[in-house]
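Please consider the structure shown below together with its sequence.

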Amino acid sequence: MDTPNAPLIRRFAEAYSWDGVDHLPYKEDGAAPFKAIARQTLFSEAELACELRYFEMAPGGYSTLERHGHVHAVMILRGRGRCLLGNAVHAVAQYDLVTIPPWTWHQFRAPADAAFGFLCMVNASRDRPQLPSAEELRILRADADVAAFLDGAAASASTEA
Ligand code: MN
C-alpha cells in the first residue's frame, strides 16, 4: 500500500480512527472469548521489532482473558475502564501506562456506558496467547474482586479510580 521507507503521516480522524488505517476484527471469530472490541494496527514496519495497535471496546466490551510469554506496553487512550493484571483488578483512565509482564493473566473491560480504548505495543514476532484452564480459572475466581470483574459486575468503590 505504501512506498517502503517513505515518510508518512496518517491524520487522526473522527472517533478514534486514523486515515488509511483499517478497523479489523480483534481476533478470528471463535479463537477466544471476547466482546465488542476492534483492532487497528497503527504501526507495523519490517524495520521495527514491534507493532503498535489501538484496541477499542464498545460499552460493556472486553478483551480476551489470556497470558503469554511476550510483554504488552499499554497506554489508555480513550475513556476509563478496568484491567485484570495477575490476580488484581485495577481502575485505569486516559493516559495511564500499563506494563503486562510475561505469563501474567490480563483482561481489559469497558464500563457499561462508555467506550474504552488503549494503545498496545507488542513484539512483532510473538508467542500465541494461552487461555486459562478450568483449574486456572477456578484459582483466579477464588478472589472475590477478580470473580466480580470476570462476571462483568460494575466497579465497586474499592476499585473505582
Ligand atoms: Mn495479550
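**Aromatic pairs and the wider fold**

A search of the whole structure finds 10 aromatic pairs, where rings of Phe, Tyr and Trp (its six-membered ring) pair if their centres lie within 6.5 Å, and planes under 30 degrees apart count as stacked, over 60 as edge-to-face and the rest as tilted. The rings of F12 and W18 have centres 5.4 Å apart and planes at 65 degrees, so this pair is edge-to-face. The model is a predicted one, in which local features need pLDDT of at least 70, side-chain atom pairs count only at pLDDT 80 or more, and totals for chains, interfaces and linings use all residues. Residues are numbered from 1 along each chain as its sequence is written, and side-chain values use heavy atoms, with hydrogens and water left out.

The two partners of this pair can be set against the burial scale, on which buried means under 20% relative accessible area, exposed over 50%, and partly exposed in between (1.4 Å probe, protein chains only). F12 is exposed, with a relative accessible area of 51%, whereas W18 is buried at 15%. W18 also pairs with Y54: the ring centres are 5.4 Å apart and the planes stand at 70 degrees, so this pair too is edge-to-face. Because W18 lies in strand β2 (residues 17-18) and Y54 in strand β5 (residues 50-62), the pair ties together parts that are 36 residues apart in sequence. Y54 is buried, with a relative accessible area of 1%.

Elsewhere, Y26, F34, F55, F108, F116 and F118 form one aromatic cluster. Rings also meet a charged side chain. R109 lies over the face of Y62, at 4.2 Å from the ring centre, and the charged end of R109 also sits over the ring of F149, 5.3 Å from its centre. The criterion for a charge over a ring is that NZ of Lys or CZ of Arg is within 6 Å of the ring centre and within 35 degrees of the ring normal.

Attention now turns to the metal. Which residues supply the protein donors of the manganese ion? They are E66 (OE), H68 (NE2), H72 (NE2) and H106 (NE2), lying 1.9 to 2.3 Å from the ion. Donors are N, O and S atoms within 2.8 Å of the metal (3.2 Å for Na, K and Ca); water is not among the atoms, so sites may look incomplete. Along the sequence, the donor residues follow the spacing E-x1-H-x3-H-x33-H. Both E66 and H68 are buried.

The cysteines give a contrasting topic. With a disulfide taken as a pair of cysteine sulfur atoms within 2.5 Å, the count comes to 0 disulfides. For C83, the closest cysteine sulfur is that of C120, 12 Å away, which is too far for a bond. For C120, the closest is in C50, at 10 Å, again too far for a bond. C83 counts as buried at 1% relative accessibility, and C120 is buried at 2%.

The chain as a whole can now be described. Its secondary structure comes to 2 helices and 11 strands, helices (H or I, at least four residues) and strands (E, at least two) being DSSP runs numbered from the N terminus. From that end, the elements run β-β-β-β-β-β-β-β-β-β-β-α-α. For 161 residues, a compact globule would have a radius of gyration near 15 Å, and the 16 Å of this protein agrees with that; the radius is taken over C-alpha atoms, and the globule rule is 2.2 Å times the number of residues to the power 0.38. The C-alpha trace spans about 50 × 30 × 30 Å along its principal axes. Of the 161 residues, 35% count as buried. Among contacts (heavy atoms within 4.5 Å) with a separation of 6 or more, residues 24 or more positions apart account for 66%.

Some individual positions complete the account. V89, in strand β8 (residues 88-93), is buried with a relative accessible area of 15%. R82, in strand β7 (residues 80-85), is buried at 13%.

Backbone angles deserve a final look. Most residues other than glycine have a negative phi, and most peptide bonds are trans. Y16, in the loop between β1 (12-13) and β2, has a positive phi near 55 degrees. A36 also has a positive phi, near 55 degrees; A36 lies in strand β4 (residues 35-44) and is partly exposed, with a relative accessible area of 38%.
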